[in-house]
Amino acid sequence: MDLIRILFAILLPPLGVFLQVGIGGAFWLNILLTLFGYIPGIVHAVWVIARR
């Protein structure tokens with residue numbers, strides 16, 4: 001299941017975070033990071049998924 005989440009994190013970072021933690025602080029932070037730049041959103045999403 002983590003492989004699917006990481007794939008979603010690369011394609012659409014907020015979706016990967018949402019699948020891992022739901023709607024919370026990490027999700028909204030990831031949306032903000034993705035809006036500022038696609039790469040920071042990906043890095044944060046993979047970090048959130050790998051951390052848990």
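Modeller: The largest nonpolar core consists of 6 residues, namely Ala-9, Val-17, Phe-27, Ala-45, Val-48 and Ile-49, where a nonpolar core is a set of buried Ala, Val, Leu, Ile, Met, Phe, Trp, Tyr and Cys residues joined through side-chain atoms within 4.5 Å. Helix H4, residues 38-51, gives the most to this core, with 3 residues; helices (H or I, at least four residues) and strands (E, at least two) are DSSP runs, numbered from the N terminus. All of this describes a predicted model, in which local features need pLDDT of at least 70 and side-chain atom pairs count only at pLDDT 80 or more, while totals for chains, interfaces and linings use all residues. Residues are numbered from 1 along each chain as its sequence is written, and side-chain values use heavy atoms, with hydrogens and water left out.

H4 is the part to follow. Its 14 residues reach 20 Å from the first C-alpha to the last, close to the 20 Å expected at 1.5 Å a residue, the expected span being 1.5 Å times one less than the number of residues. The residues of H4 that are buried are Gly-41, Ile-42, His-44, Ala-45, Val-48 and Ile-49; buried means under 20% relative accessible area, exposed over 50%, and partly exposed in between, with a 1.4 Å probe and protein chains only. These buried residues pack against helix H1 (2-11), H2 and helix H3 (25-36), with contact taken as heavy atoms within 4.5 Å.

The pairing of H4 with H3 can be described by geometry first. Two packed helices are described by the angle between their axes and the distance between the axes. The axes of H3 and H4 come within 7 Å and cross at roughly 155°; axes are lines fitted to C-alpha atoms, for helices over the stretch in contact, and angles run from 0 to 180 degrees between N-to-C directions. H3 and H4 are therefore roughly antiparallel to each other, since angles under 35 degrees count as roughly parallel, over 145 as roughly antiparallel, 65 to 115 as roughly perpendicular and the rest as oblique. On the H3 side Ala-26, Leu-29, Asn-30, Leu-33 and Thr-34 take part, and they meet Tyr-38, Pro-40, Gly-41, His-44, Ala-45 and Val-48 in H4.

Ala-45, a member of the core, touches Ala-9, Pro-13, Val-17 and Asn-30. Val-48 counts as buried at 1% relative accessibility and touches Val-17, Gln-20, Val-21 and Ala-26, while its C-alpha atom and that of Asp-2, 46 residues apart along the chain, are separated by 11 Å.

Gly-22, in the loop between H2 and H3, is buried with a relative accessible area of 18%, and its contacts are Val-17 and Phe-27.

Gln-20 is found in H2, residues 13-21, and is buried with a relative accessible area of 18%. Its contacts are Asp-2, Arg-5, Val-48, Ile-49 and Arg-52, and its side chain is joined to that of Arg-5 by a polar contact of 3.1 Å. A polar contact is a pair of N or O atoms within 3.5 Å; within protein, one must be able to donate a hydrogen and the other to accept it, and residues adjacent in sequence count only if both atoms are side-chain atoms.

Conventions. Lists of a residue's contacts leave out its neighbours within four places in sequence.
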